[in-house]
Amino acid sequence: MKDLQKRRPGGPASRLAAKRRPCGYRPLSAAACGRMAAGLMSLALGVNMVQWAWIASLEDARREDAARRRVQLESAERTRDLAVERLGEMVLQAEADKQARAEQA
């Protein structure tokens with residue numbers, strides 16, 4: 001019977017346990033809970049703002065990199081076109097030289 005009294009929610013054991021809370025712990029008031037919720041909300045908002053700024057800077061860097069690569073690609077294409085043009089000129093010159101040697105021979 002004494003075991004049952006100790007285990008009952010309103011029994012003497014539960015009252016003793018309530019008095020022996022560690023480090024002076026006491027339940028929070030509604031106002032304290034509200035302040036904590038507001039603090040957590042502001043912390044979450046701050047973290048989100050930092051993440052948005054970081055993502056925006058990454059997107060800007062990606063756009064700049066894409067523009068830089070586009071310029072490099074255009075330059076490489078111009079160089080390739082000039083090389084093909086020169087190669088064509090060299091082939092025509094080699095053909096002309098070959099015909100001139102054939103005529104001299």
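Student: Which residues form the nonpolar patch on the surface?
Tutor: Leu40, Leu43 and Val47 form it, with about 300 Å² of accessible area together. Patch residues have over 30% relative accessible area and no salt bridge; like charges are joined within 9 Å, nonpolar side chains (Val, Leu, Ile, Met, Phe, Trp, Tyr) within 5 Å. Areas come from the Shrake-Rupley method with a 1.4 Å probe, and for residues only the protein chains shown count as cover.

Student: Where is valine 47?
Tutor: Valine 47 sits in helix H3, residues 30-104. Helices are DSSP runs (H or I, at least four residues), strands are E runs of at least two, and numbering starts at the N terminus.

Student: Is valine 47 exposed or partly exposed?
Tutor: Partly exposed, because its relative accessible area is 42%. Buried means under 20%, exposed over 50%, and partly exposed in between (1.4 Å probe, protein chains only).

Student: Before I go on, what kind of model is this?
Tutor: A predicted one: local features need pLDDT of at least 70, side-chain atom pairs count only at pLDDT 80 or more, and totals for chains, interfaces and linings use all residues. Residues are numbered from 1 along each chain as its sequence is written, and side-chain values use heavy atoms, with hydrogens and water left out.

Student: What pLDDT does the chain average?
Tutor: The average is 86, and 77% of the residues score at least 70. pLDDT is the predictor's confidence in each residue, from 0 to 100.

Student: Where is confidence lowest, and where highest?
Tutor: Lowest in helix H1 (residues 2-7), at a mean of 54. Highest in H3, at 96. Where pLDDT is low, the predicted coordinates should not be read in detail.

Student: How many helices and strands are there?
Tutor: The chain has 3 helices and 0 strands. Along the sequence the pattern is α-α-α.

Student: And what share of the residues is buried?
Tutor: Buried residues are 2% of the 105 in the chain. The chain exposes about 10000 Å², and carbon and sulfur atoms supply 61% of that area.

Student: Switching to charges. How many salt bridges in the whole structure?
Tutor: The search finds 5. A salt bridge is a side-chain nitrogen of Lys or Arg within 4 Å of a carboxyl oxygen of Asp or Glu.

Student: What does aspartate 65 pair with?
Tutor: Aspartate 65 bridges to arginine 68, with the closest N and O atoms 3.0 Å apart. Aspartate 65 also bridges to arginine 69, again at 3.0 Å.

Student: Are arginine 68 and arginine 69 exposed or partly exposed?
Tutor: Arginine 68 is partly exposed, at 45%. Arginine 69 counts as exposed because its relative accessibility is 54%.

Student: What joins the side chains of aspartate 60 and arginine 63?
Tutor: A polar contact of 2.7 Å. That term means a pair of N or O atoms within 3.5 Å; within protein, one must be able to donate a hydrogen and the other to accept it, and residues adjacent in sequence count only if both atoms are side-chain atoms.
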